[in-house]
Amino acid sequence: MDAPVFFLISVTTLLSQILPFRNYSEKNGLPSPTVCYIIQDSRGYLWMGTDNGLSRFDGSEFKNYNKTDGLPDNKINVMLSDRYGNLWIGTEKGCISGFFDSPVNPERPIILPGRSVYSIIEAG
C-alpha cells in the first residue's frame with residue numbers, strides 16, 4: 001500500500017514545473033508602480049491602467065500614454081477590449097473613452113461628470 005502512494009508522489013514531483021515570474025516597475029518603463037487594471041487585447045498586447053496613465057506592453061517594452069498624449073484622465077480604473085478589438089477605458093474623473101486605432105485622441109468620449117467609472121461591460 002505504501003509503494004503506490006510513494007510512486008504517485010514521485011510522479012507528481014517529476015511533472016511539477018517552476019514557472020518564470022518577473023516583476024516590472026518604473027525602472028522597466030511603467031508610468032507608475034500602482035497598476036489598477038490589466039487586460040490583454042486581441043493582438044496579444046498587455047494593457048495596464050495606472051494612476052499615472054495607460055501603458056501597453058508588447059512582451060519586451062512599454063509604450064506609455066497620458067493626458068499630454070490625449071487621454072481624458074491619467075487615473076485609469078477599468079478597461080475593456082471589445083469583440084472588435086477596440087480598447088475602452090474608464091477613468092477616475094468619469095470618462096469612458098474608446099480607442100479604435102490608438103489611445104491618442106479618443107473618439108466619442110462619454111463624460112459622466114462627478115462620477116468615477118469602475119466597470120465597463122459589452123452588451124450584445
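What percentage of the 124 residues of the protein count as buried? Then take me through the salt bridges: how many does the structure hold?

Mentor: First, a caution: this is a predicted model. Of its 124 residues, 33% count as buried. The accessible surface is about 8400 Å², and carbon and sulfur atoms supply 56% of that area. The fold has one helix and eight strands. Read from the N terminus, the order is α-β-β-β-β-β-β-β-β. Among contacts with a separation of 6 or more, 36% join residues 24 or more positions apart.

Now the part you asked for. The structure holds two salt bridges. Side chains of opposite charge can pair when their charged atoms come close.

Begin with E92 and K75. Their closest N and O atoms are 3.9 Å apart. The cut-off is 4 Å, so this pair counts as a salt bridge. Where do the partners sit? E92 is in the loop between strand 6 (87–91) and strand 7 (95–99), while K75 is in the loop between strand 4 (62–65) and strand 5 (76–81). E92 has a relative accessible area of 30%, so it is partly exposed. K75 has 25%, and it is partly exposed too.

Move to E122 and R83. Here the closest N and O atoms are 2.6 Å apart. This pair links distant parts of the chain, 39 residues apart. E122 belongs to the segment after strand 8 (107–111), and R83 to the loop between strand 5 and strand 6. E122 is at 33% relative accessibility, which means it counts as partly exposed. R83 is at 47% and counts as partly exposed.

For context, look at links that involve rings. The count of aromatic pairs comes to four. One of them joins Y24 and F57: the pair is tilted, 4.9 Å centre to centre, with 55 degrees between the planes. Y24 lies in the loop between helix 1 and strand 1, and F57 in strand 3 (residues 53–57), so this pair ties together parts 33 residues apart in sequence. Y24 is partly exposed at 32%, whereas F57 is buried at 7%. Y24, F57 and F62 make up one aromatic cluster.

Leaving out residues up to four places away in sequence, N28 touches R22, N23 and F62. N28 lies in the loop between helix 1 (2–15) and strand 1 (35–40). N28 is partly exposed, with a relative accessible area of 31%.

Four strands form an open sheet, ordered 1-2-3-4 with antiparallel pairing. Strand 1 and strand 4 stand at the edges with a single partner strand each, so one side of each has no neighbour in the sheet. On average, neighbouring strands are turned by 20 degrees against each other, direction ignored. Strand 1 pairs with strand 2 (residues 46–50) over five bridges, in the antiparallel sense. For I39, the bridge partner in strand 2 is W47.

Notes: Residues numbered from 1 in each chain as written. Predicted model: local features only at pLDDT ≥ 70, side-chain atom pairs only at ≥ 80, totals over all residues. Heavy atoms only, no water. Salt bridge = Lys/Arg side-chain N within 4 Å of Asp/Glu carboxyl O. Helix = DSSP H or I, 4+ residues; strand = E, 2+ residues; numbered from the N terminus. Buried < 20%, exposed > 50% of the residue type's maximum accessible area, 1.4 Å probe, protein only. Contact = heavy atoms within 4.5 Å. Pairing = 2+ DSSP bridges. Axes fitted to C-alpha atoms, helices over the stretch in contact; angles between N-to-C directions. Areas by Shrake-Rupley, 256 points an atom, 1.4 Å probe, with all protein chains shown as cover. Phe/Tyr/Trp six-rings, centres within 6.5 Å; stacked < 30°, edge-to-face > 60°.
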